[in-house]
Amino acid sequence: MAVTVKFCIALLNKVAILQRFLSAFVVSASLLFSVNIIQAAEGDGGAEQLRQFVRNSKTAEGDFVQQQLRAPKANEPQDKGLKVVRQTQGHFAFQRPGRFVWDTQKPFEQKLIADGRQLILWDKDLNQATFRSAGQALASTPAAILFGESSLDQHFDLVDGEERLGMKWVALVPKKDPNAKGGNDLPYTKISVGMANGLPKALELIDGLGSVVLVTLDKIQLNVSLPANRFTFTPPAGAEVLRLN
């Protein structure tokens, strides 16, 4: 009986050691894969770096700062460039295709969640959750441009641009849909992504009124393990729920 107990304990210890080894191996392999992606992309232009990032990043998470900018008004100094109207910051995570969380933490708490079927906006201050079907509402969000598709080339022509602020910029020009009546429906007249070392570091969006949205990304971790419930959301009891078509 004692021999059997000792044998079971020894077996369990070996299983535990094997599990720790496998976990370490998976983490190491994921880190090595991410490093290889970055090293392989360092010498490429912005467009090719962006293609590789979209193709090779199945999941990722990191931090963001989003700024809304405008040109100075007539009564303001004209030599200081664009003025910051609003700034938010927070954390993001995505899983292709079509799942992401854009979690604004400052100066207010707000979540934008895409679960693959619908887009959910949760505003903690308003205690309000807005649900709408994925589609044009999803396509027009800055997060979806980088994180929603498995291939940007299906919807955009990628054009290498200038190098500035330590990044290689690439313009995303929407492809014309022959079946569309009024051209592309995106609210932006210009979309640019700044790439550095194989990672997107900035996203610049300009609309028809000249308003600029600049999103900078930091602390990006590629191909991380994300829990299945990361992209689900259930409104708390008592919250106002709006469902839009």
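## Overall architecture

In this predicted model, the protein chain has four helices and 12 strands. Buried residues make up 36% of its 245 residues, and among contacts between residues at least 6 apart in sequence, 53% join residues at least 24 apart. The chain exposes about 14,700 Å², of which carbon and sulfur atoms supply 55%.

## Nonpolar cores

The largest nonpolar core has 35 residues, and the members that touch the most others are Leu50, Phe100, Trp102, Phe147, Leu172 and Leu217. Another core, lying apart from this one, consists of 12 residues, including Ala93, Ile113, Val224 and Ala239.

## Aromatic pairs

The count of aromatic pairs comes to four. One of them joins Phe92 and Trp102, which are stacked, with 6.0 Å from centre to centre and 25 degrees between the planes. Because Phe92 lies in strand 2 (residues 83-95) and Trp102 in strand 3 (residues 99-106), this pair ties together parts that are 10 residues apart in sequence. Both Phe92 and Trp102 are buried, and together with Phe64 they form one aromatic cluster.

The rings of Trp122 and Phe233 have centres 5.4 Å apart and planes at 40 degrees, so this pair is tilted. It links distant parts of the chain, 111 residues apart, with Trp122 in strand 5 (residues 118-123) and Phe233 in the loop between strand 11 (212-222) and strand 12 (240-244). Trp122 is buried, with a relative accessible area of 10%, and Phe233 is buried as well, with a value of 19%, where the cut-off is under 20%.

## Charges over rings

The charged end of Arg164 sits over the ring of Trp169, 4.1 Å from the ring centre. Likewise, Arg243 places its charged end over the ring of Phe131, 4.4 Å from the centre of that ring.

Conventions. Residues are numbered from 1 along each chain as its sequence is written. This is a predicted model: local features need pLDDT of at least 70, side-chain atom pairs count only at pLDDT 80 or more; totals for chains, interfaces and linings use all residues. Side-chain values use heavy atoms; hydrogens and water are left out. A nonpolar core is a set of buried Ala, Val, Leu, Ile, Met, Phe, Trp, Tyr and Cys residues joined through side-chain atoms within 4.5 Å. Buried means under 20% relative accessible area, exposed over 50%, partly exposed in between (1.4 Å probe, protein chains only). Helices (H or I, at least four residues) and strands (E, at least two) are DSSP runs, numbered from the N terminus. Contact means heavy atoms within 4.5 Å. Accessible areas come from the Shrake-Rupley method with a 1.4 Å probe; for residues, only the protein chains shown count as cover. Rings of Phe, Tyr and Trp (its six-membered ring) pair if their centres lie within 6.5 Å; planes under 30 degrees apart count as stacked, over 60 as edge-to-face and the rest as tilted. A charge sits over a ring if NZ of Lys or CZ of Arg is within 6 Å of the ring centre and within 35 degrees of the ring normal.
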